[in-house]
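Student: Before we look, could you take me through a few features one at a time, giving the general idea and then the case at hand?

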Amino acid sequence: MIVTDPPGYRIVLEERHLDLIQFNALLERARTAAGEGRVSDAVEDLQAGVDLWRGPILSEVHGAPLEAAAGVLNERWLTANEKLLGMRLDSGQAAESIGELRQLVETHPYRETLRSLLLLALYRSGRQAEAVREFASFHAMLAEELGVGPGPELVSLHELILHNSPELLPCAGKEPDKAFPPQDALHPHNLPYDLTDFNGRKRELCQILDQSSQTSRRGPRIVVIDGMGGSGKTALAVHAAHRLADEYSDGQLYLDLRAFDPDEETITPEAALGILLRAAGIPGADIADDIHGREAQWRRWAAHKSVILVLDNVVNATQVRQLIPPSPGSFVIVASRSRIVELDGAESISLGMLSPDESAELLTRLLGQTRVMAEPEATEELAALCGHLPLALRVVAARLAKRRHWTVRHLAERLRDKAYRLDELNSGDRSVAAALGMSYEMMPTTARDDFRLLCLHPGAEFDVQASAALLGADVAHAEETLEYLLDVHLLQQWEHGRYSFHDLVKAFARALPADSSERCVQERAEERLVLHYHATIERVCDILFPGRVAYTDTPVAMPDIAVTPMADANEALDWLDSERAGLTSVIELANRQSMYEHVARIGRALSFCLHGQGCYAEFEDVAWAAVTAARSAHDPMLLCVSLVNLSVAQWQRDQLRGAVDSLQEALELATALSNAQLEAACLSRLGVFTTSLGNLRTAKIYLVRAAEVHFARASAREEAEALTNLCFVNQLMGDHDSSLRAGERAVDLARGGGDQSVEITALANLAKAHLGRNELGNAARHLSAAWELCRKLRIPSQTALVLMSMAELRLRAGRHEDALACATTALDIVRESCSVSRQAAVENLLGSILREQGKFHAALRKHSRAARLSGSIGLAIERARAFHGLAIASTAMGRIELAARWRTASRDSLGALGLPRGFFWRAEPSRTIDIGALDGCFA
C-alpha cells in the first residue's frame with residue numbers, strides 16, 4: 001500500500017511482502033529447529049530461505065552506503081548456504097551436494113569454508129583422491145595468485161582425509177539424538193528432479209511400470225535401461241522412479257556411479273554401499289570399514305523395506321550386484337551405456353532414437369507450439385539433423401531459447417554442414433560431443449582404434465565383410481569388434497548382418513584428431529574398403545550378368561580381400577539392394593584416393609546393376625564418374641568402355657543426341673585401338689539409338705554388323721543383345737520372319753550363357769515377332785516364360801516391357817480389360833523411372849486399347865500426351881504413332897477435318913524417316929483369329 005506521508009509518499013510493507021524479511025525469519029526458525037534436534041526441519045527452513053535469492057543483492061547500483069549494505073546481506077546468504085550444506089553433509093547427502101558446492105566455490109574461489117565443505121563432500125562420497133587433488137589445486141592457486149597458503153583448519157582437514165580419519169564421518173564422536181531422528185533416515189529420498197517436459201518413451205515407460213506391478217516372492221524386480229549417450233536413459237529412469245515413488249514408501253534412492261565420466265573416478269561398490277548406508281540414516285561411525293561388512297549392513301537395512309533404487313551410469317553387473325536390495329518389495333532401475341545381461345532376473349530395455357513424431361512433440365514442448373507451427377518443415381529437418389537423439393534435441397532447443405532472434409531454419413542451416421554439426425550441438429554444460437566422448441574414453445585402446453576405422457565407411461550401412469576390409473582383419477575379429485560396439489551403443493543394427501553408425505557418432509569419430517601415422521593407417525583402410533567393394537560388385541555381376549565381355553586381358557590387381565559371400569541371384573540382388581547407395585559413396589572415396597582405375601571398373605560393374613534396376617539417374621552419375629576417372633587414368637580402353645556405358649545411361653535418360661555423341665567418341669577410340677569387339681559394342685548400341693530416332697535401315701546395318709563380330713569373337717552375351725534388338729527392328733519394318741529368326745537365336749544364346757536379364761528382353765521381342773505373324777499362342781508362351789524371369793530378377797524396366805507386350809497380346813485377343821490392366825501397371829512402373837520414351841510408348845498403347853473399347857475421348861488424351869512426350873525428346877516413330885492414333889480416334893468421333901490433319905502429320909513423319917505410309921497398318925495385322933486355345937496362357 002502507498003500512503004501519503006508529508007512531505008511525500010511512503011510504501012507500507014507487511015512481513016509477507018518482502019523476501020528479505022522472510023529470509024531472516026526462516027533463518028531464525030532453522031536455528032531454533034537445529035537447537036531442538038529437528039535436523040530435517042532446519043534443513044527445510046534453510047533451503048527455503050536460500051531459494052528466495054535470485055542473485056546478489058543490489059548488484060546494479062553503486063555508492064558506498066548501498067554497497068556496504070549489500071555486502072552484509074550477501075554475506076548472510078552465503079553463511080546460510082554454508083550452514084545448509086554442512087547439515088546436508090551430516091545427513092548423508094554428500095554426493096548430492098558436490099555439484100552445488102562446486103558452483104559456489106567457482107563464484108567464491110577464496111572462501112575456505114566452502115572449500116572445506118567440498119573436500120568433505122568428496123571424501124564422504126568415496127572420492128578421497130579427488131578431495132586430495134582439490135586441496136592441492138587450491139593450495140597452488142593461493143600460492144600463485146596471493147602468495148599465501150591455506151588456513152590451519154583446511155590444512156587439518158586435508159591431513160584427516162589423507163589418513164582416512166573416522167572423525168570425518170557424519171556424526172563422528174556425537175551421540176545421535178534418539179528423540180529426534182532425522183526424517184531422511186526414516187524415509188530416504190534423494191531422487192533428482194523430474195523433467196516437467198519429459199516426452200516420448202511411452203512404450204518403454206509402460207514396460208517399467210508393468211515390471212514394477214508384477215508381484216515377486218523371491219527377490220526385487222530389476223530393469224536395466226541401456227542406450228547410447230544422450231538417448232535419455234537417466235531422464236526415463238528418474239521419471240519412472242517419480243511415477244512409482246508412492247508405491248515404495250520406505251525410500252526413493254538415486255546413486256550415480258559415474259562409470260563413463262573421464263573427469264571423475266568411478267564409484268566402487270564399497271564406496272557406493274557407504275553412500276547408500278548414509279542415505280539410509282546409518283551414522284558414519286557405525287558403517288563397516290570393509291565391503292563385506294557394508295554389504296551385510298545394507299542387506300539388513302533393506303531386507304524388509306519397500307524402496308525404489310535408481311543406479312545410474314553403470315558399466316557392468318559387477319559394479320551393482322552387491323547394491324541390489326534383497327527385499328521382494330523393492331524395485332531397482334539400472335541405467336547404462338553398455339548392455340548388461342548378467343543380472344539374473346532383470347528385464348532389459350534398449351533405447352533407440354525417438355520417432356519423428358516424438359521428436360516433433362518434444363521440440364513443441366521445449367520451443368512452444370507457436371514457434372514450431374510457424375516453421376513446421378524446418379522443425380522436422382532440425383529433428384532429422386539431430387538424428388532424433390533426445391540430448392541433441394534439448395541442446396538445439398536451448399540454443400534457440402537463448403537466441404530468440406534465430407529462426408528454426410537458421411539453426412537447421414547451421415547444422416547441415418556435417419563438419420561443424422557437433423560444434424553446433426553444444427549449449428552450456430550440455431554437449432553431444434562430450435556425451436559421446438564419455439563412451440569413447442571408456443573403451444580399451446584397441447576398440448577405440450577399430451571404432452575410428454569403422455567410422456571411415458562412407459555409406460549408411462555395411463556388413464561384416466566390409467568391416468573386416470576396413471580393419472585389415474579376418475571376419476571373426478570384425479564380428480567381435482562389431483558386437484562390442486553394439487554392446488556399448490556406439491553402433492546400431494536394424495537387421496541381421498547389417499550395421500550402421502548414428503550420424504552424430506560418425507561425426508564425432510571423424511572430428512577426433514589424427515597425426516600423420518594415424519592418417520596413413522586410415523588411408524590404407526580406405527584402400528582396402530575400395531578393393532572389397534570392387535571384388536564384391538564383380539561377384540554380383542558374375543552371378544546376375546554372366547558372359548560379360550572383359551574387353552581387356554589385363555585385369556586390375558586385386559589382393560586377397562574379404563568378399564561378401566553370395567550363392568545365387570537372390571542373394572546377389574539382396575546385397576545390391578542393401579549396398580546400392582553405399583557403392584556410390586565408395587566411388588567418391590576411391591576418387592579422393594586417386595584410385596581411378598578402380599573407379600572406372602566399379603562404375604562399369606555397377607552400371608550393369610543400376611541399368612537392370614531402372615535407377616537411371618544414379619546410372620548416369622556413376623557413368624560420368626567412370627568416364628572422368630578413366631580420363632584421369634589415361635587409359636583409352638577404360639575410357640572407351642566407360643563412354644559406352646555413359647551413352648546407355650544418357651539414352652535411358654532420354655538424352656538421345658548426347659548418347660549418340662558419347663558413342664561416336666567411343667567408336668573413334670575403339671577404332672584407334674583396333675579392337676573389333678569394342679567397335680561392335682558401339683555399333684550394337686548405335687543400332688538401338690538410331691531405332692529410337694526412327695532410322696530403321698541404318699539401325700539394322702549397325703546391328704547386323706555387331707552380331708557378326710560378336711559371333712566371330714564368341715561373345716555370346718553381346719551377340720544375344722545385338723540379335724534381340726535386331727529382332728525388334730525387323731518386326732518394326734514388317735519383316736516378321738527375319739524378326740523370328742533373330743529372336744529365337746537371341747533366346748538360345750541368352751539361355752546358354754545363363755544371362756536371364758538378356759533372355760527376358762529377347763523373349764519379349766520374340767513374342768512381338770509371333771504377334772506379327774498372328775501366332776498368339778506362341779507369343780503367350782514366350783511372355784509367360786519372360787514373366788517368370790521378371791518375378792525372379794525384379795528388374796523394373798524389363799517388367800514394364802513384358803507387361804506392354806502382354807497388354808498388346810490381350811488386345812489382339814479381344815481381352816480389353818486385361819490389356820488395360822497390364823498397360824496401366826506398366827505406366828506406373830515407367831513413371832517411377834522417369835523415362836519419357838517409355839512413357840510415350842505406354843501412353844500410345846493405352847490409346848490403342850481405349851480406341852478398341854470405344855472410349856475415343858480418353859484415347860485422344862493418351863495419344864496427345866504421347867505426341868508431346870515423344871516430340872520433346874525427338875522420339876520419331878512414337879510421335880508418328882501418336883499422330884496415327886489421333887487420326888483414328890478423331891475419325892471415329894466424326895472430326896473429319898481434324899483426322900485428316902493428324903493423318904497428314906503421321907504420313908509426313910513417316911516420310912521423313914523413309915518409312916512407307918502404311919507402316920502402322922502393316923505393324924498391326926488383322927485381329928480375326930481364333931483365341932479359344934489361348935485361355936490357359938492368361939492365368
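**Reading loops, helices and a sheet**

Tutor: Arg-794 is placed in the loop between helix H36 (776-793) and helix H37 (796-812), where helices (H or I, at least four residues) and strands (E, at least two) are DSSP runs numbered from the N terminus. This is a predicted model, in which local features need pLDDT of at least 70 and side-chain atom pairs count only at pLDDT 80 or more, while totals for chains, interfaces and linings use all residues. Residues are numbered from 1 along each chain as its sequence is written, and side-chain values use heavy atoms, with hydrogens and water left out.

Student: Is Arg-794 buried, partly exposed or exposed, and what is its phi near?

Tutor: Buried means under 20% relative accessible area, exposed over 50%, and partly exposed in between (1.4 Å probe, protein chains only). Arg-794 has 36% relative accessibility and therefore counts as partly exposed; its phi is near 60 degrees, a positive value in a residue other than glycine.

Student: In which loop does His-489 lie, and is His-489 buried or exposed?

Tutor: His-489 lies in the loop between helix H23 (475-487) and strand S10 (492-495), and its phi, too, is near 60 degrees. With 9% relative accessibility, His-489 counts as buried.

Student: At what angle do helices H27 and H28 pack?

Tutor: Axes are lines fitted to C-alpha atoms, for helices over the stretch in contact, and angles run from 0 to 180 degrees between N-to-C directions. Helix H27 (residues 596-613) and helix H28 (residues 616-633) pack at about 155 degrees, with their axes 8 Å apart. H27 and H28 are therefore roughly antiparallel to each other, given that angles under 35 degrees count as roughly parallel, over 145 as roughly antiparallel, 65 to 115 as roughly perpendicular and the rest as oblique.

Student: Which residues of H27 and H28 make the contact?

Tutor: Contact means heavy atoms within 4.5 Å. Among the residues involved are Tyr-596, Gly-603 and Leu-610 of H27, and Phe-619, Val-622 and Ala-626 of H28.

Student: What is the order of the strands in the open sheet?

Tutor: Two strands pair if DSSP finds at least two bridges between them. The open sheet has five strands in the order S4-S5-S6-S3-S7, with parallel pairing; strand S4 (251-256) and strand S7 (346-351) are the edge strands, each pairing on one side only. The twist averages 15 degrees from one strand to the next.
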